[in-house]
Amino acid sequence: KTLETPAVQSVVRRLEAGGVVSLNGICAGAQPFLAVCLHRAFPRRPLICVTPGLKAQETFHQDVETWLDQVRGAKDEELVPPTSVSHVPPRPLFYPEWEILPHEARLPHVDVISERLETLVALSALSVGDSPVLRGAAEGGPPSTLVVTTVTALLQRTFCPGDLRSRTRTLKAGDKLDPLDLTEWLEEQDYEPEAQVTQKGEFAWRGGILDVFPLTEPWPIRLEFF
């Protein structure tokens, strides 16, 4: 079993003790596999994989997804460590750079905004209040997330956790709220009212139906009010 080999166990012990481990001798093709091994060894800790540029980031992200699919479908336990966490590993998140220069008078592509926000919302959900305590660290908590990013993306400014939480709302079936208040809040977050929702960042209100396309979701959502 991969995670029970002496070399991997040595790395795990040093990381558990708070040590810094240099793994310069590992070839680029094996690094995503190592990332998944570490993610499985520490399932309740967020793991940030930093790549030198966009092309390397895309390749790394695809390889990590492939290995995580192997973990999900593994019938033997070659990649899965003995742990009480039985949840399916979440898919890796892609945190890109803005891909525009500071002097350019244009917005980043909506997919770039979406991917960055999705990652920030996922990491924000792990924190309790403004403390660094992770919910996932609790006994029986779900496995944490794995993020693939670049050096430039980490250097670019973004929301602080408090602002992000104040501009995020979670709705579920059975909630009671005024749809007019919700549409006003969406406009305050720069969502565009349209006759029909076709792109991320748009919403459409018709009678008791509100269609909204969240920036962090792959598909629009329909809300029905009674």
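Hi everyone, I'll talk about pockets and a few ring contacts in this structure. It's a predicted model, so local features need pLDDT of at least 70 and side-chain atom pairs count only at pLDDT 80 or more, while totals for chains, interfaces and linings use all residues. Residues are numbered from 1 along each chain as its sequence is written, and side-chain values use heavy atoms, with hydrogens and water left out.

Okay, pockets. On a 1 Å grid over the protein atoms alone, a pocket is an open set of points where a 1.4 Å probe fits, with protein on both sides within 12 Å along at least five of seven lines; lining residues have an atom within 4 Å of a point. Volume is the space filled by probe spheres set on the points.

The largest pocket comes to about 1,300 Å³. It has 40 lining residues, and the closest to its centre are Leu 117, Tyr 191, Pro 214, Leu 215 and Thr 216. Which element gives the largest share of that lining? That's H4, with 8 residues.

The second largest pocket holds about 390 Å³. Of its 18 lining residues, Gln 31, Ala 35, Cys 49, Val 50 and Phe 60 are the closest to the centre.

Now, rings. A charge sits over a ring if NZ of Lys or CZ of Arg is within 6 Å of the ring centre and within 35 degrees of the ring normal. Arg 116 does this with Trp 98, at 4.1 Å from the ring centre. Arg 169 lies over the face of Trp 185, 5.4 Å from the centre of the ring.

How values were computed: Helix = DSSP H or I, 4+ residues; strand = E, 2+ residues; numbered from the N terminus.
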